[in-house]
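Welcome! Please keep the sequence and the 3D view at hand as you read.

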Amino acid sequence: MKIKVNENTEVELLKKHSFECSCGKKHEMGIDEVIIGSNLLEKIPEIVEKYHMGKQVFVVMDQMIYGLYGEKIENTLKKADYKAKMNVFKDKTVLPNEMALAEMLINIEEGTQWILAIGSGAVTDLSRYLSYKMNIPYVSVPTAASMDGYTADSALLLLNGLKQTCKATYPKIIIGDTTILKGTPQILLAAGFGDLTAKITAGADWELGHIVTGVDYCPFVEKIVMDAVDRAIKVSDGISKNDEESAGVLFEGLMITGMPMHWTGLSQPLAGAEHHLTHFWGMKAVAQGRRPHMHGIEVAQGIVLIMQVYKEFLAKDFSNIDVDKVVSAQIDKKAWEEDIKAHFGSSASSVFEENEFMAFDEESVRKEVEFLLAHMDEIKERVKAHLEPYKDIADVLKKVGCITSPAELDLSPEDVKESICYAHFVRKKYTVLRMLGRLGCLEEIADKVVSVIK
């Protein structure tokens, strides 16, 4: 897919590129190639051969994927004279935790030249982290259009019970076989659609963060992202029916919306408060001995909740707010730490580290509150313009098979309120939740959201 990036330059989005952007910065994408098409699994040796990565490969997948494609992949590699060591996770659901990493380290053989990751979320995160640690490339063959993270150079790992973003490396090549992608359970396509449309609320948070904290913002990048979202929404009927062409459009959108991480070095274009909710829910599930729900499905629920948060925010009148009252009501550091311990348990120490930047002194709090109120019209105008075209996204999410009711994710009204009030502490990123917390109205808005979202 070629796009015009300036008056004299076109680039192929899904191949390695570099260009000077109108925002004044140079944007680069380091993945050599993203290939999307039918029946690509049997062409893996042909695809990777031109990159001369070597013949000794470590193949990572779970038991279910091995049952579907394992022997075919082994035979394909063997016929092409590759020496393949298979790492097949036995658990039905693979968690990207310390035990899984240890298993891979035990199984990988000396002299391995590259890693072939056949799978989705956990398999991809584990493979790219191992790739980074061993300084060898990896090739990603997604088995589900279920997330945008295939292009990332970070890994979301579950360490000490808390989801943590760890430095990793991006794949050298991504191979998206649409015959595989459309053949997966429909819930996986729904998850991908949820992760893709998260850019709606993430984009609003990105603009908000730019206004308040000065984080870099690029209108060109945002347009590329939202164009990909719009294309997927247009084929949502096909996605709901496992149509191969529509699955390809969804997968391409997920790949394109992963590019901003390469271009900007920021996660803001990809994830905002809706993702923070899912991190909070996942942390709670692990602490209680439950498996988290599928990431994209939880994200879809997060979108619905954050859209409602923004709706309540836009409807609220801040013109007569008592600044002195807001500032005096802010919790002090000691009380905040006790509160965090109560809601985050054993993960509290990680939350403290993530929020080292937080200001508790009266002068800093007052300055932020006054800044927000002084710029309230601009904030509201920009986020409303961004969100208005997607006011019915909950209906589209439901159509493709996403869950839009908290109860279906085993979330009680109390769970929803707690997550809205505390999820923003999981990451230091500035979002609507962090802003409302500073303005002293987060709990009030959380109550309104809970009363509306059943």
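Two strands pair if DSSP finds at least two bridges between them. Strands (E, at least two residues) and helices (H or I, at least four) are DSSP runs, numbered from the N terminus. This is a predicted model in which local features need pLDDT of at least 70 and side-chain atom pairs count only at pLDDT 80 or more, while totals for chains, interfaces and linings use all residues. Residues are numbered from 1 along each chain as its sequence is written, and side-chain values use heavy atoms, with hydrogens and water left out.

**The sheet**

Seven strands make up an open sheet with mixed pairing, in the order β3-β4-β11-β8-β7-β5-β6. At its edges are β3 and β6 (83–89), each of which pairs on one side only. From one strand to the next, the twist averages 20 degrees; axes here are lines fitted to C-alpha atoms, for helices over the stretch in contact, and angles run from 0 to 180 degrees between N-to-C directions.

Strands β4 (residues 26–37) and β11 (residues 173–177) run parallel and are joined by five bridges. Look for Glu-33, whose bridge partner in β11 is Ile-173. Helix α2 (residues 63–79) packs on the sheet, where it touches β5 (56–62), β6 and β7 (114–119), and its direction makes about 160 degrees with that of β5. Contact means heavy atoms within 4.5 Å.

**The rings**

How many aromatic pairs does the structure hold? There are twelve. Rings of Phe, Tyr and Trp (its six-membered ring) pair if their centres lie within 6.5 Å; planes under 30 degrees apart count as stacked, over 60 as edge-to-face and the rest as tilted. Two of the pairs are set out here.

| Pair | Centres apart | Angle of planes | Type |
|---|---|---|---|
| Phe-19 and Phe-220 | 5.8 Å | 75 degrees | edge-to-face |
| Trp-336 and Phe-352 | 5.7 Å | 55 degrees | tilted |

Phe-19 lies in strand β3 (residues 15–20) and Phe-220 in helix α7 (residues 219–234), so their pair ties together parts that are 201 residues apart in sequence. Phe-19 is buried, at 3% relative accessible area, and Phe-220 is buried too, at 14%. Buried means under 20%, exposed over 50% and partly exposed in between (1.4 Å probe, protein chains only).

Trp-336 is buried at 4%, whereas Phe-352 is partly exposed at 22%.
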